[in-house]
Amino acid sequence: MSNVSPSLVIEDLLKDFGPVPALDGRMVRVLNGISLKANPGAVTTLLGSNGAGKSTTLACAQGLLRPDGGTTRLLGKDPYGASPALRSRVGVMLQDGGLPPSLRPIALLRHVASLYRRPADINSLIDRLGIDEFSTTSIRRLSGGQKQRVALAAALAGNPEVVFLDEPSAGLDPQSRQVVFDLITELRGAGLCIVLTTHLMEDAQRLSDYVYIIDDGKNVAEGTVAALTARAAHDSAAQALSFTAAAQMEMPRLPGHLLLVEPSPGHYRLEGVRDAHDLTALTSWWAERGILPNSLTMQPRSLEDVFLEIADKGNDAN
Ligand SMILES: Nc1ncnc2c1ncn2[C@@H]1O[C@H](COP(=O)(O)OP(=O)(O)OP(=O)(O)O)[C@@H](O)[C@H]1O
(Lines give C-alpha, C1' and ligand atoms only; values in the text may rest on other atoms or scores of the structure.)
Protein backbone atom coordinates (compact mmCIF):
# COMPACT_ATOMS: atom_id res chain seq x y z
CA MET A 1 0.00 0.00 0.00
CA SER A 2 2.80 2.42 0.93
CA ASN A 3 4.44 1.97 -2.52
CA VAL A 4 1.26 2.98 -4.32
CA SER A 5 1.24 6.59 -5.39
CA PRO A 6 -2.01 8.31 -4.52
CA SER A 7 -4.31 9.33 -7.36
CA LEU A 8 -5.50 12.34 -5.39
CA VAL A 9 -3.52 14.44 -2.93
CA ILE A 10 -5.04 17.49 -1.24
CA GLU A 11 -3.04 19.60 1.18
CA ASP A 12 -4.33 22.46 3.30
CA LEU A 13 -7.23 23.25 1.02
CA LEU A 14 -8.92 26.60 1.61
CA LYS A 15 -12.14 27.75 -0.01
CA ASP A 16 -14.10 30.92 0.62
CA PHE A 17 -17.59 31.72 -0.62
CA GLY A 18 -19.21 35.11 -0.76
CA PRO A 19 -19.50 37.98 -0.32
CA VAL A 20 -22.48 37.04 1.88
CA PRO A 21 -25.04 39.90 2.24
CA ALA A 22 -26.22 38.55 5.63
CA LEU A 23 -22.63 38.92 6.89
CA ASP A 24 -22.21 42.53 5.76
CA GLY A 25 -20.69 41.37 2.51
CA ARG A 26 -17.94 39.33 4.15
CA MET A 27 -16.60 36.09 2.69
CA VAL A 28 -17.22 32.79 4.48
CA ARG A 29 -14.42 30.26 4.78
CA VAL A 30 -16.05 26.88 4.14
CA LEU A 31 -12.86 24.82 3.76
CA ASN A 32 -10.24 25.60 6.32
CA GLY A 33 -7.22 23.37 5.70
CA ILE A 34 -8.62 20.06 4.43
CA SER A 35 -5.93 17.47 3.61
CA LEU A 36 -6.43 13.99 2.23
CA LYS A 37 -5.02 11.30 -0.02
CA ALA A 38 -6.85 8.70 -2.10
CA ASN A 39 -5.14 5.62 -3.52
CA PRO A 40 -5.97 3.46 -6.51
CA GLY A 41 -7.73 0.22 -5.65
CA ALA A 42 -9.31 1.78 -2.57
CA VAL A 43 -12.49 3.50 -1.46
CA THR A 44 -11.67 6.74 0.32
CA THR A 45 -14.62 8.33 2.09
CA LEU A 46 -15.27 11.86 3.24
CA LEU A 47 -17.72 11.59 6.08
CA GLY A 48 -19.34 14.62 7.63
CA SER A 49 -22.66 16.13 8.55
CA ASN A 50 -24.66 18.46 6.28
CA GLY A 51 -22.65 21.52 5.40
CA ALA A 52 -19.33 20.06 6.64
CA GLY A 53 -17.68 20.82 3.30
CA LYS A 54 -17.66 17.43 1.56
CA SER A 55 -19.14 18.51 -1.79
CA THR A 56 -16.99 21.64 -1.87
CA THR A 57 -13.88 19.52 -1.28
CA LEU A 58 -14.90 17.22 -4.13
CA ALA A 59 -15.63 20.18 -6.42
CA CYS A 60 -12.09 21.50 -5.79
CA ALA A 61 -10.61 18.02 -6.27
CA GLN A 62 -12.44 17.69 -9.60
CA GLY A 63 -11.29 21.11 -10.79
CA LEU A 64 -14.83 22.52 -10.83
CA LEU A 65 -13.99 25.16 -8.23
CA ARG A 66 -10.80 27.19 -7.85
CA PRO A 67 -9.41 26.79 -4.33
CA ASP A 68 -8.35 29.88 -2.37
CA GLY A 69 -5.32 28.12 -0.93
CA GLY A 70 -3.54 24.82 -0.56
CA THR A 71 -2.57 22.35 -3.24
CA THR A 72 -4.59 19.75 -5.12
CA ARG A 73 -3.07 17.09 -7.35
CA LEU A 74 -5.32 14.76 -9.30
CA LEU A 75 -3.37 12.08 -11.19
CA GLY A 76 -0.33 14.28 -10.64
CA LYS A 77 -1.83 17.48 -12.13
CA ASP A 78 -3.62 20.55 -10.88
CA PRO A 79 -7.28 19.75 -11.70
CA TYR A 80 -8.38 23.39 -12.00
CA GLY A 81 -8.30 24.26 -15.69
CA ALA A 82 -6.95 20.78 -16.46
CA SER A 83 -6.65 19.47 -20.00
CA PRO A 84 -9.34 17.24 -21.56
CA ALA A 85 -6.77 14.44 -21.34
CA LEU A 86 -6.88 14.58 -17.53
CA ARG A 87 -10.65 14.96 -17.44
CA SER A 88 -11.13 11.85 -19.59
CA ARG A 89 -9.43 9.80 -16.87
CA VAL A 90 -11.87 10.95 -14.20
CA GLY A 91 -15.56 10.12 -13.63
CA VAL A 92 -17.88 12.31 -11.61
CA MET A 93 -21.27 11.54 -10.12
CA LEU A 94 -22.76 14.73 -8.79
CA GLN A 95 -25.24 14.92 -5.91
CA ASP A 96 -27.96 16.54 -8.02
CA GLY A 97 -27.28 14.35 -11.04
CA GLY A 98 -26.59 17.17 -13.52
CA LEU A 99 -28.22 15.05 -16.25
CA PRO A 100 -29.97 16.61 -19.29
CA PRO A 101 -33.70 16.29 -18.42
CA SER A 102 -35.12 15.73 -21.91
CA LEU A 103 -32.94 12.76 -22.90
CA ARG A 104 -33.73 9.11 -22.38
CA PRO A 105 -31.22 7.22 -20.22
CA ILE A 106 -29.76 4.81 -22.75
CA ALA A 107 -29.37 7.42 -25.50
CA LEU A 108 -27.61 9.65 -23.00
CA LEU A 109 -25.27 6.90 -21.81
CA ARG A 110 -24.37 5.84 -25.35
CA HIS A 111 -23.65 9.48 -26.20
CA VAL A 112 -21.47 9.98 -23.11
CA ALA A 113 -19.57 6.75 -23.86
CA SER A 114 -19.00 7.87 -27.47
CA LEU A 115 -17.09 10.93 -26.21
CA TYR A 116 -14.34 8.75 -24.77
CA ARG A 117 -11.51 6.99 -26.52
CA ARG A 118 -11.77 3.85 -24.38
CA PRO A 119 -15.36 3.74 -23.11
CA ALA A 120 -16.65 1.21 -20.62
CA ASP A 121 -18.91 -1.64 -21.75
CA ILE A 122 -22.06 0.48 -21.60
CA ASN A 123 -24.44 -2.45 -22.19
CA SER A 124 -23.04 -4.22 -19.19
CA LEU A 125 -23.45 -1.08 -17.01
CA ILE A 126 -27.05 -0.65 -18.22
CA ASP A 127 -27.73 -4.27 -17.37
CA ARG A 128 -25.97 -4.18 -14.00
CA LEU A 129 -27.76 -1.05 -12.86
CA GLY A 130 -31.20 -2.16 -14.15
CA ILE A 131 -31.46 0.88 -16.45
CA ASP A 132 -33.34 -1.17 -19.07
CA GLU A 133 -36.38 -1.11 -16.76
CA PHE A 134 -36.93 2.60 -17.41
CA SER A 135 -35.15 3.05 -20.75
CA THR A 136 -38.10 4.74 -22.50
CA THR A 137 -38.68 7.35 -19.78
CA SER A 138 -37.03 10.76 -20.08
CA ILE A 139 -34.57 11.71 -17.32
CA ARG A 140 -36.97 14.43 -16.14
CA ARG A 141 -39.57 11.79 -15.22
CA LEU A 142 -37.27 9.33 -13.49
CA SER A 143 -37.49 8.75 -9.75
CA GLY A 144 -34.62 9.96 -7.57
CA GLY A 145 -33.15 6.46 -7.28
CA GLN A 146 -33.39 5.85 -11.03
CA LYS A 147 -31.60 9.14 -11.73
CA GLN A 148 -28.89 8.09 -9.28
CA ARG A 149 -28.31 4.87 -11.21
CA VAL A 150 -28.08 6.72 -14.53
CA ALA A 151 -25.71 9.26 -12.97
CA LEU A 152 -23.48 6.44 -11.71
CA ALA A 153 -23.45 4.79 -15.14
CA ALA A 154 -22.58 8.16 -16.74
CA ALA A 155 -19.71 8.62 -14.27
CA LEU A 156 -18.34 5.22 -15.27
CA ALA A 157 -19.00 5.47 -19.02
CA GLY A 158 -15.49 6.71 -19.83
CA ASN A 159 -13.77 3.86 -18.00
CA PRO A 160 -12.17 6.30 -15.51
CA GLU A 161 -9.14 5.72 -13.28
CA VAL A 162 -10.61 7.93 -10.58
CA VAL A 163 -14.30 8.23 -9.80
CA PHE A 164 -15.93 10.76 -7.49
CA LEU A 165 -19.27 9.71 -6.03
CA ASP A 166 -21.22 12.31 -4.08
CA GLU A 167 -23.72 10.50 -1.81
CA PRO A 168 -23.96 7.48 -4.15
CA SER A 169 -26.73 5.68 -2.26
CA ALA A 170 -29.04 8.70 -1.79
CA GLY A 171 -32.62 7.80 -2.69
CA LEU A 172 -31.89 4.17 -3.52
CA ASP A 173 -34.11 1.32 -2.37
CA PRO A 174 -32.32 -1.52 -0.52
CA GLN A 175 -31.97 -3.68 -3.62
CA SER A 176 -30.51 -0.91 -5.82
CA ARG A 177 -28.27 0.10 -2.96
CA GLN A 178 -26.86 -3.41 -2.82
CA VAL A 179 -26.29 -3.38 -6.61
CA VAL A 180 -24.45 -0.06 -6.34
CA PHE A 181 -22.37 -1.26 -3.37
CA ASP A 182 -21.41 -4.46 -5.22
CA LEU A 183 -20.41 -2.42 -8.26
CA ILE A 184 -18.28 -0.05 -6.16
CA THR A 185 -16.57 -3.03 -4.51
CA GLU A 186 -15.88 -4.56 -7.93
CA LEU A 187 -14.46 -1.28 -9.30
CA ARG A 188 -12.18 -1.07 -6.31
CA GLY A 189 -11.02 -4.62 -7.06
CA ALA A 190 -10.29 -3.53 -10.63
CA GLY A 191 -7.92 -0.84 -9.27
CA LEU A 192 -10.05 2.31 -9.51
CA CYS A 193 -9.49 5.11 -7.07
CA ILE A 194 -12.95 5.73 -5.60
CA VAL A 195 -13.60 8.87 -3.63
CA LEU A 196 -17.00 9.14 -2.07
CA THR A 197 -18.83 11.43 0.25
CA THR A 198 -21.60 10.44 2.56
CA HIS A 199 -23.22 11.43 5.80
CA LEU A 200 -24.52 7.86 6.19
CA MET A 201 -22.36 6.02 8.68
CA GLU A 202 -23.56 2.64 7.52
CA ASP A 203 -22.44 3.30 3.94
CA ALA A 204 -19.07 4.56 5.13
CA GLN A 205 -18.64 1.56 7.39
CA ARG A 206 -19.55 -0.96 4.70
CA LEU A 207 -17.58 0.48 1.80
CA SER A 208 -14.56 2.41 2.97
CA ASP A 209 -10.93 1.43 3.09
CA TYR A 210 -10.03 4.78 4.61
CA VAL A 211 -12.25 7.45 6.12
CA TYR A 212 -11.68 11.17 6.62
CA ILE A 213 -14.17 12.69 9.03
CA ILE A 214 -14.56 16.37 8.32
CA ASP A 215 -16.44 18.97 10.26
CA ASP A 216 -16.81 22.67 9.69
CA GLY A 217 -14.34 22.61 6.80
CA LYS A 218 -11.58 20.88 8.78
CA ASN A 219 -10.22 17.34 9.18
CA VAL A 220 -11.21 16.03 12.60
CA ALA A 221 -10.27 12.34 12.39
CA GLU A 222 -9.03 9.81 9.88
CA GLY A 223 -8.21 6.13 9.60
CA THR A 224 -9.53 2.78 8.53
CA VAL A 225 -12.97 1.97 9.89
CA ALA A 226 -11.36 -0.65 12.15
CA ALA A 227 -8.80 1.81 13.51
CA LEU A 228 -11.34 4.57 14.08
CA THR A 229 -13.78 2.32 15.91
CA ALA A 230 -11.04 0.60 17.93
CA ARG A 231 -9.57 3.93 18.97
CA ALA A 232 -12.93 5.18 20.12
CA ALA A 233 -13.51 1.99 22.09
CA HIS A 234 -10.18 2.56 23.83
CA ASP A 235 -10.89 6.25 24.47
CA SER A 236 -14.17 5.47 26.16
CA ALA A 237 -14.91 2.30 28.11
CA ALA A 238 -18.63 2.99 28.14
CA GLN A 239 -20.96 1.01 25.89
CA ALA A 240 -24.54 1.33 24.78
CA LEU A 241 -27.34 -1.13 25.27
CA SER A 242 -30.55 -1.16 23.23
CA PHE A 243 -33.87 -2.80 23.96
CA THR A 244 -37.41 -2.71 22.68
CA ALA A 245 -40.43 -2.63 24.99
CA ALA A 246 -43.74 -0.81 25.32
CA ALA A 247 -43.59 2.75 23.98
CA GLN A 248 -43.38 5.93 26.05
CA MET A 249 -42.81 4.42 29.45
CA GLU A 250 -42.04 6.70 32.34
CA MET A 251 -38.25 6.83 32.55
CA PRO A 252 -36.59 5.59 35.75
CA ARG A 253 -34.16 7.47 37.93
CA LEU A 254 -30.71 6.16 37.05
CA PRO A 255 -27.15 6.96 38.20
CA GLY A 256 -26.00 10.25 36.68
CA HIS A 257 -23.53 8.76 34.20
CA LEU A 258 -26.29 6.71 32.53
CA LEU A 259 -28.59 8.17 29.94
CA LEU A 260 -31.76 6.36 28.88
CA VAL A 261 -33.40 7.67 25.72
CA GLU A 262 -36.26 6.56 23.47
CA PRO A 263 -35.09 7.62 19.99
CA SER A 264 -38.21 6.13 18.37
CA PRO A 265 -41.38 4.80 20.00
CA GLY A 266 -40.65 1.58 21.87
CA HIS A 267 -36.91 1.60 21.03
CA TYR A 268 -34.78 2.46 24.04
CA ARG A 269 -31.06 3.07 24.27
CA LEU A 270 -29.06 3.16 27.49
CA GLU A 271 -25.79 5.01 27.06
CA GLY A 272 -22.78 5.06 29.35
CA VAL A 273 -22.88 1.43 30.57
CA ARG A 274 -19.56 0.76 32.31
CA ASP A 275 -20.11 -2.39 34.34
CA ALA A 276 -22.67 -4.96 35.50
CA HIS A 277 -23.96 -2.63 38.27
CA ASP A 278 -25.27 -0.34 35.58
CA LEU A 279 -27.30 -3.23 34.22
CA THR A 280 -28.75 -3.80 37.72
CA ALA A 281 -30.07 -0.24 37.72
CA LEU A 282 -31.92 -1.01 34.52
CA THR A 283 -33.21 -4.45 35.44
CA SER A 284 -34.48 -3.15 38.84
CA TRP A 285 -36.63 -0.68 36.94
CA TRP A 286 -37.90 -3.48 34.70
CA ALA A 287 -38.68 -5.65 37.76
CA GLU A 288 -40.51 -2.83 39.57
CA ARG A 289 -42.63 -2.03 36.52
CA GLY A 290 -43.14 -5.60 35.30
CA ILE A 291 -41.35 -4.82 32.03
CA LEU A 292 -39.98 -7.68 29.95
CA PRO A 293 -38.12 -6.29 26.90
CA ASN A 294 -38.82 -7.86 23.50
CA SER A 295 -35.19 -7.63 22.45
CA LEU A 296 -31.94 -6.62 24.05
CA THR A 297 -28.50 -5.97 22.54
CA MET A 298 -25.15 -4.65 23.69
CA GLN A 299 -23.68 -3.00 20.64
CA PRO A 300 -20.09 -2.98 19.50
CA ARG A 301 -18.95 0.53 18.73
CA SER A 302 -19.83 1.73 15.28
CA LEU A 303 -18.53 4.51 13.11
CA GLU A 304 -21.64 6.41 14.14
CA ASP A 305 -20.52 6.34 17.80
CA VAL A 306 -17.12 7.68 16.75
CA PHE A 307 -18.70 10.39 14.66
CA LEU A 308 -21.11 11.48 17.39
CA GLU A 309 -18.32 11.59 19.96
CA ILE A 310 -16.19 13.74 17.68
CA ALA A 311 -19.13 16.01 16.93
CA ASP A 312 -19.85 16.30 20.68
CA LYS A 313 -16.24 17.22 21.44
CA GLY A 314 -16.38 19.81 18.64
CA ASN A 315 -19.55 21.33 20.11
CA ASP A 316 -18.05 21.39 23.61
CA ALA A 317 -14.97 23.20 22.26
CA ASN A 318 -17.07 25.88 20.51
N1 LIG B 1 -21.82 28.76 -3.69
C2 LIG B 1 -21.87 28.88 -2.37
N3 LIG B 1 -21.98 30.10 -1.78
C4 LIG B 1 -22.00 30.23 -0.45
N5 LIG B 1 -21.90 29.20 0.43
C6 LIG B 1 -21.79 27.97 -0.09
C7 LIG B 1 -21.77 27.74 -1.51
N8 LIG B 1 -21.65 26.41 -1.71
C9 LIG B 1 -21.61 25.83 -0.48
N10 LIG B 1 -21.68 26.77 0.47
C11 LIG B 1 -21.64 26.53 1.94
O12 LIG B 1 -20.44 25.81 2.18
C13 LIG B 1 -20.66 24.89 3.26
C14 LIG B 1 -20.21 23.52 2.83
O15 LIG B 1 -21.12 23.04 1.84
P16 LIG B 1 -20.97 21.60 1.18
O17 LIG B 1 -22.03 21.48 0.14
O18 LIG B 1 -19.56 21.41 0.75
O19 LIG B 1 -21.28 20.64 2.41
P20 LIG B 1 -21.54 19.09 2.44
O21 LIG B 1 -20.65 18.54 3.50
O22 LIG B 1 -21.38 18.50 1.07
O23 LIG B 1 -23.06 19.02 2.90
P24 LIG B 1 -24.25 18.03 2.50
O25 LIG B 1 -24.04 16.74 3.22
O26 LIG B 1 -25.45 18.76 3.03
O27 LIG B 1 -24.27 17.90 1.01
C28 LIG B 1 -22.13 24.98 3.64
O29 LIG B 1 -22.25 25.81 4.78
C30 LIG B 1 -22.76 25.63 2.42
O31 LIG B 1 -23.89 26.38 2.81
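This is a predicted model: local features need pLDDT of at least 70, side-chain atom pairs count only at pLDDT 80 or more; totals for chains, interfaces and linings use all residues.
Residues are numbered from 1 along each chain as its sequence is written.

**Entry: α3 and α5.** I took helices as DSSP runs (H or I, at least four residues), numbered from the N terminus. I looked up α3 (residues 105-114) and α5 (residues 144-156): their axes come within 9 Å and cross at roughly 15°. The axes are lines fitted to C-alpha atoms over the stretch in contact, with angles from 0 to 180 degrees between N-to-C directions. α3 and α5 are therefore roughly parallel to each other. On α3, Pro105, Leu108, Leu109 and Val112 make the contact; on α5, Val150, Ala153 and Ala154 do. Contact here puts C-beta atoms, placed from the backbone, within 7 Å. I noted 7 nonpolar residues there, no polar and no charged.

**Entry: the ligand.** Which helix gives the most to the shell around the ligand? I found that α1 (residues 54-61) does, with 3 residues. Among the residues around the ligand I listed Phe17, Val30, Lys54, Ser55, Thr56 and His199.

**Entry: α1.** I checked burial, which requires 20 or more other C-beta atoms within 10 Å of a residue's own, with C-beta atoms placed from the backbone. In α1, 8 of 8 residues are buried. Lys54 and Cys60 are among them. Gly63 follows α1, and its phi is positive, near 85°.

How values were computed: A residue is near a molecule or strand if its C-beta atom, placed from the backbone, lies within 6 Å of it. Helices (H or I, at least four residues) and strands (E, at least two) are DSSP runs, numbered from the N terminus. Angles under 35 degrees count as roughly parallel, over 145 as roughly antiparallel, 65 to 115 as roughly perpendicular and the rest as oblique. Two residues are in contact if their C-beta atoms, placed from the backbone, lie within 7 Å. Ala, Val, Leu, Ile, Met, Phe, Trp, Tyr, Cys and Pro count as nonpolar, Asp, Glu, Lys and Arg as charged, and the others, Gly among them, as polar. A residue is buried if 20 or more other C-beta atoms lie within 10 Å of its own, exposed if 12 or fewer, and partly exposed in between; C-beta atoms are placed from the backbone.
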